[in-house]
2 protein chains.
Amino acid sequence: MTATAALLEKLRLGLPPAAIVTDPAAIAPHLEEWRGRGVGATPFLLQPGTVDEVALIVRLCAEAGVAITPQGGNTGLVGGQTPQGEVLLSLKRMNRIRAIDPTADVMTVEAGAILANVHNAAQTVGRRFPLSLGSQGSATIGGLISTNAGGVHVLRFGMMRELVLGIEAVMPDGQIFNGLRSLRKDNTGYDLKQLFIGAEGSLGVVTAATLRLFPRPVGHLVAMVALETPEAALQLLQRARDETGALAAFEIMNRTSVKLTAALPGVRVPFDPPPPWLALLEFENAVAEGFRDSIETMLAGAIEASIAQDATIAESEKAAADFWSLRDLMSAGHRTVKTPQVSHDTSTPVSAVPAFLKNAGAAVERLSPGARIVAFGHAGDGNIHYTAIAATTDSPFPAEQISAAVHDAAYALGGSISAEHGIGVFRRTELVRFKDPVALTTMRAVKHALDPKNIMNPRVLFEPV
Amino acid sequence: MTATAALLEKLRLGLPPAAIVTDPAAIAPHLEEWRGRGVGATPFLLQPGTVDEVALIVRLCAEAGVAITPQGGNTGLVGGQTPQGEVLLSLKRMNRIRAIDPTADVMTVEAGAILANVHNAAQTVGRRFPLSLGSQGSATIGGLISTNAGGVHVLRFGMMRELVLGIEAVMPDGQIFNGLRSLRKDNTGYDLKQLFIGAEGSLGVVTAATLRLFPRPVGHLVAMVALETPEAALQLLQRARDETGALAAFEIMNRTSVKLTAALPGVRVPFDPPPPWLALLEFENAVAEGFRDSIETMLAGAIEASIAQDATIAESEKAAADFWSLRDLMSAGHRTVKTPQVSHDTSTPVSAVPAFLKNAGAAVERLSPGARIVAFGHAGDGNIHYTAIAATTDSPFPAEQISAAVHDAAYALGGSISAEHGIGVFRRTELVRFKDPVALTTMRAVKHALDPKNIMNPRVLFEPV
């Protein structure tokens, strides 16, 4: 009997039937990378319903020396959720809201809870969980924690890391780490939850978390602004932030990205023709009085100072949703292009975004003359989603060299090769080129200390030694 | 020759004379716990001026097997900065502001920079570093990071952890970890800086950090509110937060704490007689228009709803400073009392503060009948500074039992025995009673992985094995 067959027998003794899936047809959707970038393989799928079941699974796997790949909503962008021979551990059945305390502004949810459901649960008690991103209808809290997800409201609320007060996790030996706290302040030793956030499942299995809630905004306003240059976007960002104090999102989109997305059905662009750069600004406030005035004054000042070419405010929530829809469909917009393309998720200091766009653009042009650049994203955080697209199917398009050059351009400005998507499997080779060697050594030391058998998602983050 | 004498000889070869202090008179101030709770001992004091000098020191100490206690402004409250035989490493000479970028809203400073100087440096470029606490004239950035300092603006800006974008540190083997980044988003592996924040010097020496800056507020207003109960404080907190969106600090003080502090020269209390509870509310906003109106409306509504008994707004910056001065002098107020006392720094979920005060008060009364309670602090964060004071010098006052009971009361409500002061040496025995055993085991595993020789501040956090 193989090690995995023996393991499966032991698992059957301790788990309810619903927790074990061996039917290939039922497993298949969990193995497909959702953009078609590869298919995984696993001996079987486990779907525990409780933290004790997760603990049993991890302990038995550790004893058997069989590795585990945890999976949430299977919406990851760097291949970290796809097993290649590991046991697949889906947290989807652990999806309860365990508790909500609107007075303390906290909610405790299980790892498999879907983000949109968490939004709804907060809303039912008059509060709000502010993390929002395109995949919120599928992405789970456990996955969002394990990848330290970002999204469009990082500018105001921070990434997932800033929104988590406590974590329950199963350690690589099967012990349960009970770190579910609802505390704003707790200086009692190393803040271990920080290790699990962004660890991509490599240090244990996150099974539940206590999340911060916030008041629901009273004032809400979305504007689109036409801009000539990224430098102008930076100036607008500063004014919008400093003069209104209510900026919740600041996204930019270049003309190529807007044109490609505008070709999708139902998408509208408020300026015709589209300007070189379009900025989407979202404002929120607890007080309605004076809210719109301060934004209109700021926008008028930006036009007066020749920072902005034009600006338009969404006059209804429907119009605001239309503005957001242009932004949300950006990825779909350029995925339809048939010529080769390669995408990146870089960040730089906010002040270096214009230099990054200039330098990366020049590097791409050298390697693939005439290539189109799709650049959009969270300019308020210095995070640009940057895709190079070959001019024609015959154009030279050395994808690896292009990626290396884009990453070099970010790094030279103090930037990062992964702002919010993570490293996973797809970026682990590139990581070695850029990460501080002492940091890499220390990461390996932490991994070895917590997971000496290398059981937990062993293919992410680290190049095989 | 002893190990430390041999080490000193090697250090003299590599360090400039100014970096080595052996004169007992010059060392003495570094060894005194500032509230008189013990005196330390050290073979010599090292005062490096550069990160390379720190790296040399740590490497030579590690090779010699001699332990190190790092020290910042010597303002710690849990004994973590006081050596007992370890080499004392003061970061005070590393106090440069290395860079400020007001566009990216970041500043890179060395560990020895004093918080008040960091405030001033931010102000010179029109920005603001929001962490503020009583010891800001002495406390250093390195110490504030190593203890994950809190203070009065946590409610709006978070603790030190939320304000640090990057860290440079010397690892326990003398290697330099170069994690100085100015990025809002960087998902490239474990966020190692989180380990150094709050590690109390036990995982390495923080030598520099990149800090987040913020816009300076346009609207600023401080109010004092008279309250009957902690429950009313909680209701006021919710209204102030939700209805103004501008709440930056929410502090409460009980009548005993106010009366003791009012006895200090120059301190004034806006209500006579002092109410059972006094709340200090600070509001900040980027927009002046409508700012004061929204606060006055909120306060009037709280009085109308019988939540608040009375309220007064500081009508000048001088008056606002007077309000803050009552709060800032709270510790000095009860330190003058001559009967025995014992202090705590507990937190609970914000919604549990009233229950904590009730339960802790009952426990203290059982153990020391007639004892006075000084309770004040960051109610908006659930963090109460809680001191029990014996009624007379003859009263029974079992200090250890009282502390245990206060800690039990916090823990029973999901709370913490150290909200912002840390564990250090003074609280490490208590920690074992409350910390999740898996968390403690994991903390030890991390400590051993990064500092296998147990060189770095070996007496903090962990009970000797």
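Trainee: Which side chain meets A:Glu296 in a salt bridge?

Mentor: The side chain of A:Arg292 does, at 2.7 Å from N to O. A salt bridge here is a side-chain nitrogen of Lys or Arg within 4 Å of a carboxyl oxygen of Asp or Glu. Bear in mind that this is a predicted model, where local features need pLDDT of at least 70, side-chain atom pairs count only at pLDDT 80 or more, and totals for chains, interfaces and linings use all residues. Residues are numbered from 1 along each chain as its sequence is written, chains are lettered from A in the order in which they are written, and side-chain values use heavy atoms, with hydrogens and water left out.

Trainee: Where do A:Glu296 and A:Arg292 lie?

Mentor: Both are in helix H11 of chain A, residues 291–304, four residues apart, about one turn of the helix. Helices (H or I, at least four residues) and strands (E, at least two) are DSSP runs, numbered from the N terminus.

Trainee: What does A:Arg241 pair with?

Mentor: A:Arg241 forms a salt bridge with A:Asp242, the closest N and O atoms being 3.0 Å apart. A:Arg241 is buried at 18%, while A:Asp242 is partly exposed at 23%.

Trainee: What area do chain B and chain A bury between them?

Mentor: About 6,300 Å², 57% of it on carbon and sulfur atoms. B:Lys185, B:Asn187 and B:Tyr190 supply 16% of the area that chain B buries against chain A, more than any other three residues. Buried area is the accessible area (1.4 Å probe) that two parts lose on being put together, summed over both.

Trainee: And how many residues of chain B are in contact with chain A?

Mentor: 81 residues of chain B are in contact with 81 of chain A, contact meaning heavy atoms within 4.5 Å. By class, the side of chain B that touches chain A has 32 nonpolar, 30 polar and 19 charged residues. Ala, Val, Leu, Ile, Met, Phe, Trp, Tyr, Cys and Pro count as nonpolar, Asp, Glu, Lys and Arg as charged, and the others, Gly among them, as polar.

Trainee: How are the two copies related?

Mentor: Chain B can be laid on chain A with an RMSD of 0.0 Å by a turn of 180° and a shift of 0.0 Å along the axis. The copies are thus related as by a two-fold rotation axis. The superposition is by least squares on the C-alpha atoms of residues with pLDDT of at least 70 in both.

Note on methods:
Buried means under 20% relative accessible area, exposed over 50%, partly exposed in between (1.4 Å probe, protein chains only).
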